[in-house]
Amino acid sequence: MISKRIIPCLDVRDGKLTKGIKFKGNVDIGDPVEAAREYYEQGADEIVFYDITASSDRRDIMIDVVRRVAETIFIPFSVGGGIRNLDDMRRVIDAGAEKVSVNSAAVENPRIIAQGARAFGSQCIVLGMDVKKVDASGKVPSGYEIVIHGGRTYTGIDALWWAKEAERLGAGEICLNSIDADGMQTGYELTLTAMISENVGIPVIASGGAGKPEHLADVLTKGKADAALIASMVHYRTYTIFEIKQYLAGRGIKTRLFW
Amino acid sequence: MIAIIDYNAGNITSVARALKDIGQEFIITNDTKELDTASHVIFPGVGAAGEAMAYLRQKKLDDWLKKWFAAGKPLMGICLGTQIILDYSEENDTTCIGLVAGATKRFPDHTASGGERLKIPHMGWNSVKMRCSHPVFENVPAGAEFYFVHSYYPSPADSGVIIGTTDYGISFCSVIAKDNIVAMQFHPEKSGRPGLQILKNFCAWRPS
């Protein structure tokens, strides 16, 4: 049977990692390519890069990072952040990424999902969703609302409706981030994750809130996620990916253990 | 020299990068004369069967592949490249090259395992049960997993050519071996070290 995927997420600004990542004693706030290689060696099943470079004229730096990563690791990886149109997608894919993820740009212009799926195939197009819990209303019946621009702008769009709509438009996967859980390290938003995952036919990557291996076990079982995104818990070397996978194996959750 | 067939179908550059990593020289081409000079040919691909076959026919690469196979030279299929060496694909109702008898089929819509609905495409890491050994799978650990991303799967008519199977609701053929062909549904170029080992083995393979 298919394994659940464990996916480290790396934030990159101007070609550099934005959070310190500690490997084998040396503190390195530097090179995303080296960090990707380290996680590849540790058994990451996929890697997500999120480009938070503010100015668009510096985006070529990220393309160079993507090119170097593609020569260094032989597992799939995706790139998100600042992808606004088909040309942005093409540049990232041509540089060697398997997948691109679109978030705010897809909310503002949903056609980008269909255009991307037609040009590169659905398997290339990941919809990133940032979601906040709100009071259920006529407009937001699920009680979860899409927020964009890094959590600053409420859209009035219902998260469950948007997930289904993105699937219909041709997204191949959803990366579902809970703004409420993000950075708290107290566990993923299980109710939200299960609700989305049960209502779409495409894989769902849960994001936001991982602090302990138990949290991954919960979201991959109760939360019905197909994959779990992790950041701080491996960046600060509290756990290695292999330790997390061993824990999951003990809980009867299948992950890839040989590489 | 290894040749990668370039037919406008996706993951050619990722296969090239993997060959570079294992120190293997290669050419990427759709020119049959250049392909004739190769020792081994890799037939990769991501995309849809209909478009891929139209392009191959236009470039006469379908006929070239038949000749290459008949000459007993080593050929590796990857993903779409594996699906379209069969006779037929349900994807776009496409007549394919027919090096191996059988059809490429779509996963049933209500694929399920243990009561849980399985998502299509089958995307992620999964294992392969080998029915027999094969030189291209030498030194690949038995528990190794490989990266899959597909909605269709190969279903050869002769079960004797199925040397590896994978479970995803159903058990499907994930590795085909027939004479000088070895073909897999997963992506060795994206399957970490075990995948690179397969590529390395293929480049050294001398089918008898």
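Biologist: What makes up the contact between chain B and chain A?

Modeller: The contact takes 31 residues from chain B and 22 residues from chain A; two residues are in contact if their C-beta atoms, placed from the backbone, lie within 7 Å. This is a predicted model, in which local features need pLDDT of at least 70, side-chain atom pairs count only at pLDDT 80 or more, and totals for chains, interfaces and linings use all residues. Residues are numbered from 1 along each chain as its sequence is written, while chains are lettered from A and ligands numbered from 1 in the order in which they are written.

Biologist: Why is S12(B) called largely enclosed?

Modeller: A residue is buried if 20 or more other C-beta atoms lie within 10 Å of its own, exposed if 12 or fewer, and partly exposed in between. In S12(B), 6 of the 6 residues are buried, so the rest of the structure largely encloses this strand. B:Glu145, B:Tyr147 and B:Val149 point one way, and B:Phe146, B:Phe148 and B:His150 the other.

Biologist: What makes S10(B) and S12(B) a pair?

Modeller: Strands (E, at least two residues) are DSSP runs, numbered from the N terminus. Two strands pair if DSSP finds at least two bridges between them. S10(B) and S12(B) are joined by 6 bridges and run antiparallel, and B:Asn126 has B:Phe146 as its bridge partner in S12(B).

Biologist: What pairing sense do S4 and S16 of chain B have?

Modeller: Strand S4 (residues 75–78) and strand S16 (residues 181–184) of chain B pair in the parallel sense over 4 bridges. B:Gly77 stands opposite B:Ala183 in S16(B).
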